[in-house]
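Have a look at the structure below, and then we can walk through a few of its parts together.

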Amino acid sequence: MKDRSAAATALYDGGHRRMFIDGNWCDARSGETIEARNPADGTLLATVPKGGRADVDAAVKAARAAFEGPWSKWTPFERQALLLRIADRFEEEWENLCLSDTLDMGMPIQRTIANSRRVLGMLRFYAGQAVAIHGATIPNSFPGEIYSQTVREPIGVVGAIIPWNAPIAGSIWKIAPAIATGCTVVLKPSEEASLTVLMIARIMQEAGLPDGVLNIVTGMGFEAGAALAEHDGVDKIVFTGSTATGQAIARAATGNLKRVSLELGGKSPVIVCRDADIEKAVPVAAMAVFANSGQICIAGSRLFVAREIHDEFVRRVADYAAGLRIGHGIHEDTDIGPIISARQAKRIAGYLDAGPREGAEVITGGARAEGPELAGGHFFQPTVLGGVTDDMSVAREEIFGPVISALPFDDLDEVVARANATPYGLAAGVFSTHLGTAHKLAHRLKAGSVWVNMYHAIDPAVPFGGVKMSGYGREGGTEHMEEYLDTKAIWINA
Ligand code: NAD
């Protein structure tokens, strides 16, 4: 196993990092900073600027100037070549990028590496999309006299706001389509995890990204984030985060009627039918929640299991959970890393109290994980709750921690109705060896993604997003390009 301790210290030694506006590395106008601490042990990694309204304004002006200036002259082939150069630079810096993410937000290094691999695919996928943008010639009511055609134009300045739970993939899934379409970006990373996003900006600058095309303003959500969402110079907001913040952003965007797309929270169901391949389903159903300590939007946190196999299946998931290794994400054998912050840890602890109080039974876990090597961080045992009913808070609300609520079901109509009885609609999982059953369930579940006999798959070429209060808009696939493009109709009287 690789020891990354020395590399970690070399990467972040408690010094200061600057944010990135108009190609310059700068501090907040206020001079204020935010501490970036390692959630595994509390050590100070670095300080970053606490950007505010004036910094956001400068970044938006830089993005506007670039959008209307030199960047607008770049051909699709030049933008494609830039994305491919960035992908190559990412490969060279891969180890440091993944280590940075693990240190900054706690994700176990093995998962950071596996998860973020698809970022290279994203950069190369959008490089291909850059040269595939085209309009249409449309037959109209005046054949031979008047021609009508459409052209696709970049939407303009994009404000991107992302959460802390997957900074590499989260930021590239906003920046790459913007570069592909010819938009410019002001990105505000989470105050909980800004460091890797700053590293990404540096790599892009070194790869030849022109000034102003990407600007990073580090800062708090209620200050820098709110200023970006409200700003009249922003044409579109692309947001990933909680449903409550998404609602605030949609409201803030009404001032200039900027377009908005929202990737929000979830309470995703995983349905295990009685004909499921139990051997294969157990680890997948467990990791549908425990990956990244449950801090993923698509966490399959409601585990519906056919009553005939419920007890055995849930016991096996609990055994699997009990065997997971909890620790510092830097170690390659860690399965469960820390929770991002004291605030999130308090929230999870609240649900671990509420579950049993409302009548759930703790089958495994149910408490914080303690130990000398866990001191200074917030760690939780992977938890499986049984005897859960649909009305309990642990079955209704997004916990964003390593907690599975197991719920038995009797028939398919019933489980579809219960699975869909949530305000969310981000993802769902189905386990069945019967093709017809799997197919019917996949169609009837109200979710942006349904995985059958698997979970978690996300690919640059396949659209991802939510329905209902999990948001609107799609990332990935050709649909994603639509989010960054406008259509103009041109009429020509020949
Ligand atoms: P959050 O909503 O608290 O914060 C997300 C981002 O919004 C941060 O950068 C934050 O600074 C900013 N923000 C906060 N208040 C703001 C405001 N008033 N105006 C503008 N920006 C503001 O979410 P989080 O705690 O960072 O992340 C966890 C949430 O994100 C979970 O609900 C999770 O489900 C969701 N999420 C969704 C997806 C998805 O693709 N659907 C992916 C990852 C996370």
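## The annotated residue

UniProt, in an unreviewed entry, places the feature "active site" at Glu263. Bear in mind that this is a predicted model. You will find Glu263 in strand S11, which covers residues 259-263.

Is Glu263 buried or exposed? It counts as buried because it has 27 C-beta neighbours inside 10 Å, and 20 or more is the cut-off for that class. Leaving aside residues up to four places away in sequence, Glu263 touches Phe239, Thr240, Gly465, Gly466, Gly471 and Glu475.

## Around the ligand

The ligand is surrounded by 28 residues, and the closest are Pro163, Gly221, Gly225, Gly241 and Cys297. By class, this shell holds 13 nonpolar, 11 polar and 4 charged residues.

Two helices, H8 (221-230) and H9 (243-252), each supply at least two residues of the shell. Helix H8 gives the most, with 5 residues. Where does the ligand lie relative to the domains? Domain 1 (4-264 + 470-490) and domain 2 (269-452) both give residues to the shell, so the ligand lies between them.

## A three-stranded sheet

Elsewhere, 3 strands form an open sheet in the order S5-S6-S20, with antiparallel pairing. Its edge strands are S5 (137-138) and S20 (485-493), each of which pairs on one side only.

Strand S6 (residues 146-154) is joined to S20 by 9 bridges, and the two run antiparallel.

Notes
Residues are numbered from 1 along each chain as its sequence is written. This is a predicted model: local features need pLDDT of at least 70, side-chain atom pairs count only at pLDDT 80 or more; totals for chains, interfaces and linings use all residues. Two strands pair if DSSP finds at least two bridges between them. Helices (H or I, at least four residues) and strands (E, at least two) are DSSP runs, numbered from the N terminus. A residue is near a molecule or strand if its C-beta atom, placed from the backbone, lies within 6 Å of it. Ala, Val, Leu, Ile, Met, Phe, Trp, Tyr, Cys and Pro count as nonpolar, Asp, Glu, Lys and Arg as charged, and the others, Gly among them, as polar. Domain bounds come from an automatic or database domain assignment. UniProt positions are given in the numbering used here, feature names are shortened, and annotations may be inferred rather than shown by experiment. A residue is buried if 20 or more other C-beta atoms lie within 10 Å of its own, exposed if 12 or fewer, and partly exposed in between; C-beta atoms are placed from the backbone. Two residues are in contact if their C-beta atoms, placed from the backbone, lie within 7 Å.
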